[in-house]
Structures are given as C-alpha cells and as structure tokens.
Amino acid sequence: DLFPEGCVGKTFPWMTMSIWKDRFYDKELFYHAMLAAFRGCERVLGWSVDPPFHFPGLAFDLLLIVVFAMAAAAFRIPRPYFLTAILVMLCPFFTQRLLMLRPHVLAITIMLAYCWHLTGARRLWLSFAFGVLTAYAYSNPHFILLPAAVFGALMIRRNARMAWLVPLATLGGLLAGLTLHPQFPNTFILWKIQCVDVIRQAVFQQSPVYLGVELYQPKAAWLVQNAVFFGLLLLNGAGLRQLLRRCRPSFETAFFLILQTAAAIGIFLSKRVLEYGWPFALLAGGLLFRDLKEAGVLTILMDRCRRRAVGAIHLALAVGFCILGILQIRSTRLYQVPELRGFGDWAAKKLPKGTAVANPNWSDFPQLFYSAPQFRYSLGIDPMFGHHAMPEKIETLEAFRTGRMMLSPRELRDLTQSRFAFVSSHAWMLAKDMHENGYVFIYQGDDGWLFDLDPQ
C-alpha cells in the first residue's frame, strides 16, 4: 500500500537499527509492483484487501503453475497435466512455500521461464531481458546464472559462440538491472550483504544472528518428509541408464538432469534449494519418460496399459496424489503468521506518529509494518542488514531475544533507542521472561504485548 513511496526511495525511515535506514533498495521491486497492481484490481472489483490475501496469492501461484504446464507441453512431455498435479501435491515443503505470498514464488516462475527459453529459441536479447527482470524481481538474482552456466557447458561443443554469448547476455542483464535501478548504488551494497555474506554464513553455520529456519541445512526428519524428491532422483537415474543403452538424452533432458543433480547437492547446504529442485526434477523425469518412449523402451508396456486400464490408472493416480498430498501437508508444522491488527488499532489511538517501537524478533516486522506503518521499528528482513550497521548491538539484541541474556527495561531502551518494545504472541516465552524481570506491558492482546521501557 506504500508503493511507490516505500519501494523506490534510497532510505527507509521506518527502521532504526538497520543499514536500510540510510541505504535502502527494494530487492523485489517488480514483485511489489505486481502486488500493488493485484491489490488495485481487488479495490476496483470491490473485494477485500485485508488478510489473508487470497487473490494475489492465487494469482502468483497460477502464474507459476501455468508456466510449468506450458513448458511441459512445449517439451512434448506425455500427460503434462499429471506432472502439474504432482508439482503442487507431492512435495510438502514445496507446497508449503507455494502457499506463501512471498517473492520466491515469482522467482521460481521466472527461473522456469528462463530455463524454457534456454532450451528453445535462445535469443540473446531475451537472455538479457531475463537478467534485467530477475535483478528487479528477486533478492538473489544471481541464481539465474546456474542454468546459464549449465547451458554453456552443454552447448560448448555444439555452438561455442552461443555457449558464451547466452550466459554473458544474462550476466549483462543482471548488471544492467542492478545499475539502471532507482536505488543504485545501494543495489550492489545490499546485494553483497544479502547474497554473499548471508549465504556464506548460512552454509558454514557461522551466522551471528538467526537467519530463518528455511535457510539452514535440513534435518533428518525434513529429508524423510520430502523423500519423494530423492525417490524421483533415483527413478530418473534408473531411466537415464536405460536410455543410454539406446541413445543419448536430448539437450533439454540433459539440461534438467544436471539442474536437478545440482539442486540435490545444494539441498544439503540449504533446504530452500528444494524450491527450484522439485520442478527441475519433475521436468527432468517427464523429459526422460518422453525420450524413453520415443526410443521404444516403453512401447510394449504403454500399449498394454492403454488397452487394459488407462482410465483406471489415471483415476487411481489422481486420487492417490490428492490423498498423499493432503497427508503430507497435514504432517508439516505450518507456521501461522499472526495478524497484528489488534495492536495496530490500539496503537493508532494511543501512540503518536513516528514512535520508535523495538521489535526483538526481526520476523515480526512485515506484520508490524502492515498493521501500523506510522511507527518506526528496529529490524526487518533480514537481520544481517542490522548486523552490518551495528554488529555489537544486534548481537546483544539477539542474545536477549533467544534468552541467553536478560536486559533491564532501561538497557533495552538504551540499546534500541526506543520507548516501547513489541513481542508477538508466537514469542510468548520471551514476553513471559520480560514480564517476570520487571517489564510492564501497556498493551496485551491475542497478537502480542507492547512493553513500556520507561514507565512513569
């Protein structure tokens, strides 16, 4: 709702303990422009623009699904609608991330469209355009260079000129997008923090602050829960072995097989890689199935199935996908983001505009900023922007947030330069500890507590 006021400025006055305060750039400017357009459509249609934001969430999801289905159809993958059903139903982590109204959904869509482009026309201006688009749409635009590098490696013997020009055009588009940006040069400064420092610290478990559960290495239970990805990986490996006995895989098949293998390795460094690995693996599997069928490996089996039980198999698979998908999603512990409307309504009546409110949990910032944008807050997404600005203070605040250190109200006020501190309901243990150590709350609701750090 603050677009473009809050998205194109080079400073972010709503934040007090982050580099954003003096050096800001909207890492997902194109995404936020699309989101503003969707919300404008809702208003024109007379629909509610309040949470839970079903319309824009569905719009971004449908865009991803349509691009995936169109790519599968363009690759002549048999039964592309089954592949699309599998995409949204069988991998719980992917489905959970798909249900979020966050920029990564658009980033996956752009990545799939770019990979489709690399296996088709490969026009240089389109590669450049994809680079620019990614620079404007996502906080980790360099991810698009992985398929560009795979393309170059596969193409080097066939067409050395295109093998170099396509990746270079994509890189040129990325640099142009970050340079020809209303918030340049902040684009490069914050890109380095977000995409180099954060990734390095997440991979090597050296982060001085908590970065978010999805960035860290997966645990055994998570791997079991998403075992369908690794099962598909093994199935694709077996299919490739059978295909190699007859012929070589097609260019697009080899392309997606390499991408799924790279993703399988990357998952053990950060579980978020599965967001890209799952559609890569599905397209690789579909293309392998197509190649095996065209090579005659599956002809006999397919004829028998077609004559006897094609309809029954289709129905059984569809029902099975639905049941397994529902069970998988129900087995995950979905983090329900609390809406802070109660605090926002109360604070609008009680606190003056521009009041500094400390938020020890940086993940509370999006909800706080949505519910009460007239105030200033300590930290936002992600916390490394705060650590870059004032490392000692942020590490102290992190120790306080995690219960490793208790600060007095005066110490927290001096640390954050804020008169008040808000703790949302999901961090009730922190609120309990604060209350037991002399903190006085002036607001209590289902969404959280507001503590006065200097009670009179």
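## A walk through a predicted model

The side chain of glutamine 183 reaches the backbone nitrogen of aspartate 26 at 2.9 Å. A polar contact is a pair of N or O atoms within 3.5 Å; within protein, one must be able to donate a hydrogen and the other to accept it, and residues adjacent in sequence count only if both atoms are side-chain atoms. This is a predicted model, in which local features need pLDDT of at least 70, side-chain atom pairs count only at pLDDT 80 or more, and totals for chains, interfaces and linings use all residues. Residues are numbered from 1 along each chain as its sequence is written, and side-chain values use heavy atoms, with hydrogens and water left out.

Glutamine 183 sits in the loop between helix 8 and helix 9 (186–203). Because its relative accessibility is 0%, glutamine 183 counts as buried. Buried means under 20% relative accessible area, exposed over 50%, and partly exposed in between (1.4 Å probe, protein chains only). Of the 456 residues in the protein, 50% are buried.

The protein has 21 helices and five strands. These are DSSP runs numbered from the N terminus: helices are H or I with at least four residues, strands are E with at least two. Helix 8 covers residues 160–179, 20 residues in all, and spans 29 Å from its first C-alpha to its last, close to the expected 28 Å. The expected span is 1.5 Å times one less than the number of residues. Among the buried residues of helix 8 are Met162, Val166, Pro167, Thr170, Gly173, Leu174 and Leu178. In an α-helix there are 3.6 residues a turn, so residues three or four places apart point the same way.

The five strands form an open, mixed sheet in the order 2-1-3-5-4. At its edges are strand 2 (376–377) and strand 4 (440–445), each pairing on one side only. Two strands pair if DSSP finds at least two bridges between them. Strand 4 and strand 5 (residues 448–452) are antiparallel and share five bridges. Phenylalanine 441 has phenylalanine 451, in strand 5, as its bridge partner. Helix 21 (residues 428–436) packs on the sheet and touches strand 3 (420–424), strand 4 and strand 5; a contact means heavy atoms within 4.5 Å.

Finally, the cysteines. Cysteine 91 counts as buried because its relative accessibility is 0%, and cysteine 115 is buried with a relative accessible area of 0%. The structure holds zero disulfides, a disulfide being a pair of cysteine sulfur atoms within 2.5 Å.

Technical notes:
Axes fitted to C-alpha atoms, helices over the stretch in contact; angles between N-to-C directions.
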